[in-house]
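Good morning, and thank you for coming. Please look at the sequence and the structure on the screen before we go through them together.

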Amino acid sequence: MLASSPSVTAASSTATSETLHQMMATLLDIDFPSLLEQPSPQQQQQEQEVAQRKQLDSMFSTSSLSASSASAFSRMHLAKQLVGDVVVGVSVTALIAPSLTVVDKALVQRSAGSHTFMASAQQSLSYMFQRPWSYLKSPTFLWMWATYATTYSTANALKTLADHYGGDSQTTMSPSGSAATTATKNNIHNNTSVGCGWGTLVFLGTTAANSSASLCKDRAYARMFGTSTAIVVPPMAYGLWLARDFTVIGSSFVLPPMVAQHLEQARGGAGGGGAPSASSLALAQFATPLAAQLVAGPLHYLGLDLCNRPVVATLLDRWVHLRQGLSSVITARMVRILPGYGLGGVWNQQGRQAWKTQFCAPPPPAARTWRVLQRREPRIVVTRRITTHP
């Protein structure tokens, strides 16, 4: 046993040496720096936040919002525009209604033969400035305000719906996260690209609203300032006034953008079907309703004559009466239309544009949230220190 001890000891030593070598190799294979670099729970949370931010970045780097987000923002955007259409329409017509009441009352009294045009206008202006609050509460002002507020609000709302559902207005998201509302072609006075179907709907809807309100107003004015308070308006007078309203509405809300487009082309601009300039729009907005009074004036005056003189001896007698007052009626109607649809139309256009700029152009909530994340969460840079020992 003792003789074999050196060999056994040598073998055991060799085995022990190999075991130690294997253990050292195993230890050398261990990645000690990775163990030293194991992130703490706080660093893990920060890395998760960075990953979430990268995910948001990929979401908002697309050219458009998701369908649900775009739809929600589109509905909110449309609701704000419709509210603005009514607010602007009511506000603008409150400013132009006083001058319209003076002319309409004078036309009715001139047709009835109770006042000359100038005498009636002077009486109305005197009452307006001497008793302003009484005038603002009078049926004369309220009928006129309600008529034009209904017309402008309806026209504005229908134009907005045409822009929204006509396919030319869309809301997109830029890669930087800011929202951009693009209405490349449609606007109430700014363009002519509302489709034929939508343009017809806008025209018919606005005419229906204006005609309904105007017929009620004209009947009230005929009873208040005509020859008899119990006056009965004949159906022919309603038909003439309806034709007058078609002419006025078409020349005030439909034709100006088309005329402006032709003016711009004649001046060498808007060659590719683009939007006409603001000066062309303003000129068309003033000139087109004025020219239409050459047709609307006789229709209006003949309807009033049918109310005040339902029975005449001959048609020649009615024509002679119409011809005698026709020039003054057309002049008065032109004076009336300047604030009614000329100046009022320009103010309405500017008011709607200002409303859209002020209230209808914020980015959608998702974009605002992303910008808050960018401000509140600066980029996190995780540094690891590796310590080695000899």
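Of the 390 residues of this protein, 38% count as buried, where buried means under 20% relative accessible area, exposed means over 50% and partly exposed lies in between, computed with a 1.4 Å probe and protein chains only. This is a predicted model, in which local features need pLDDT of at least 70, side-chain atom pairs count only at pLDDT 80 or more, and totals for chains, interfaces and linings use all residues. Residues are numbered from 1 along each chain as its sequence is written, and side-chain values use heavy atoms, with hydrogens and water left out.

Let us begin with the overall layout. The protein contains twelve helices and two strands; helices (H or I, at least four residues) and strands (E, at least two) are DSSP runs, numbered from the N terminus. In order from the N terminus, the elements are α-α-α-α-α-α-α-β-β-α-α-α-α-α. Contact, here, means heavy atoms within 4.5 Å. Among contacts between residues at least 6 apart in sequence, 79% join residues at least 24 apart.

One example is Ile96, which is found in helix 4 (residues 67-112). Ile96 counts as buried because its relative accessibility is 1%. Ile96 and Pro339 are 243 residues apart along the chain, yet their C-alpha atoms are separated by 5.9 Å. Leaving aside neighbours within four places in sequence, Ile96 is in contact with Tyr152, Pro339, Gly340, Gly344 and Trp347.

I now turn to a pair of helices. How do helix 9 and helix 10 (residues 278-308) pack? Their axes are 7 Å apart, at an angle of about 170°. Axes are lines fitted to C-alpha atoms, for helices over the stretch in contact, and angles run from 0 to 180 degrees between N-to-C directions. Helix 9 is therefore roughly antiparallel to helix 10, since angles over 145 degrees count as roughly antiparallel, under 35 as roughly parallel, 65 to 115 as roughly perpendicular and the rest as oblique. The residues of this contact divide into 24 nonpolar, nine polar and two charged. In this scheme Ala, Val, Leu, Ile, Met, Phe, Trp, Tyr, Cys and Pro count as nonpolar, Asp, Glu, Lys and Arg as charged, and the others, Gly among them, as polar.

Pro234 lies in the loop between helix 8 and helix 9. Beyond its neighbours within four places in sequence, Pro234 is in contact with Leu306 and Cys307. Pro234 and Leu306 are 72 residues apart in sequence and 7.1 Å apart in space, C-alpha to C-alpha.

On a 1 Å grid over the protein atoms alone, a cavity is a set of points where a 1.4 Å probe fits but cannot get out, and lining residues have an atom within 4 Å of a point. How many cavities of 30 Å³ or more are there? The count is one. The largest cavity holds about 80 Å³ of space, a volume being the space filled by probe spheres set on the points, with grid points joined across faces, edges and corners. Helix 8 (196-225), helix 9 (235-266) and helix 11 (315-359) each give two or more residues to the lining, and helix 8 gives the largest share, four residues. The lining comprises three nonpolar, two polar and six charged residues.

Among the lining residues are Tyr148 and Ser214. Ser214 is found in helix 8 and is buried, with a relative accessible area of 5%. Tyr148 and Ser214 are 66 residues apart in sequence and 8.4 Å apart in space, C-alpha to C-alpha.

Notes. On a 1 Å grid over the protein atoms alone, a cavity is a set of points where a 1.4 Å probe fits but cannot get out, and a pocket is an open set with protein on both sides within 12 Å along at least five of seven lines; lining residues have an atom within 4 Å of a point.
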